[in-house]
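Here is a briefing on one protein chain. Look over the sequence and the structure first; the notes follow.

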Amino acid sequence: LDKAVACASRSERGEWVLSVTVGSQSISPLLWAVETGALEAAEAILRDLLTIRADRDRYYYGVDLLFERHPDIIRRLCFDAPGLLPTLLDGLIWRSRLTERGRRRTVYFV
């Protein structure tokens, strides 16, 4: 998984691990891994999505893509793979949409 995703640019990594088109269907490698019990692969996907990356122009953090594609991810993990919840919550960052004196409030879950 790491080798396959390493080929993707920083801006595309999240899309690669959250959506694959097979014929006319779009499947999620993350949910497929969770549903089939491939929890090591699911953990690797979550770690990759929640890693903050940067290039000269911007930062990339896959949490928005994760919750757009799977708004029920926490519920799904609670029922299907509770062992992955610490991986999801560790490093999860909430960022306020408001700035105050050039600063943005954040909450970092540990």
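**Overall fold**

Among contacts in the protein chain (heavy atoms within 4.5 Å) between residues at least 6 apart in sequence, 43% link residues at least 24 apart. This is a predicted model: local features need pLDDT of at least 70, side-chain atom pairs count only at pLDDT 80 or more, and totals for chains, interfaces and linings use all residues. Residues are numbered from 1 along each chain as its sequence is written, and side-chain values use heavy atoms, with hydrogens and water left out.

- The protein chain holds 7 helices and 6 strands. These are DSSP runs, numbered from the N terminus: helices are H or I with at least four residues, strands are E with at least two.
- From the N terminus on, the order is α-α-β-β-α-α-β-β-α-α-α-β-β.
- Of the 110 residues, 34% count as buried (under 20% relative accessible area, with exposed over 50% and partly exposed in between; 1.4 Å probe, protein chains only).
- The accessible surface comes to about 7,700 Å² (Shrake-Rupley method, 1.4 Å probe). Carbon and sulfur atoms account for 52% of that surface.

**Buried helix faces**

- Helix α6 spans residues 73–80, and its I73, R76 and L77 are buried. They cover an arc of only 95 degrees around the axis, which puts them on the same side of α6. The arc is taken from the directions from the helix axis to the C-beta atoms.
- Cover for the buried residues of α6 includes α3 (29–36), α4 (39–49), α5 (63–69) and α7 (85–89).
- In α4, the residues A42, I45, L46, D48 and L49 are buried. Their arc is only 165 degrees around the axis, so they lie on the same side of α4.
- An α-helix has 3.6 residues a turn, so residues three or four places apart point the same way.

**Second largest pocket**

- This pocket has a volume of about 180 Å³, the space filled by probe spheres set on the grid points, which are joined across faces, edges and corners. A pocket is an open set of points on a 1 Å grid over the protein atoms alone, where a 1.4 Å probe fits, with protein on both sides within 12 Å along at least five of seven lines; lining residues have an atom within 4 Å of a point.
- The lining consists of W94, S96, L98, T99, E100, R101, R103, R104 and R105.
- β5 (93–100) and β6 (103–108) each supply at least two lining residues. β5 gives the most, with 5.
- S96 sits in strand β5. S96 is buried, at a relative accessible area of 11%. Leaving aside neighbours within four places in sequence, S96 contacts R104 and R105.
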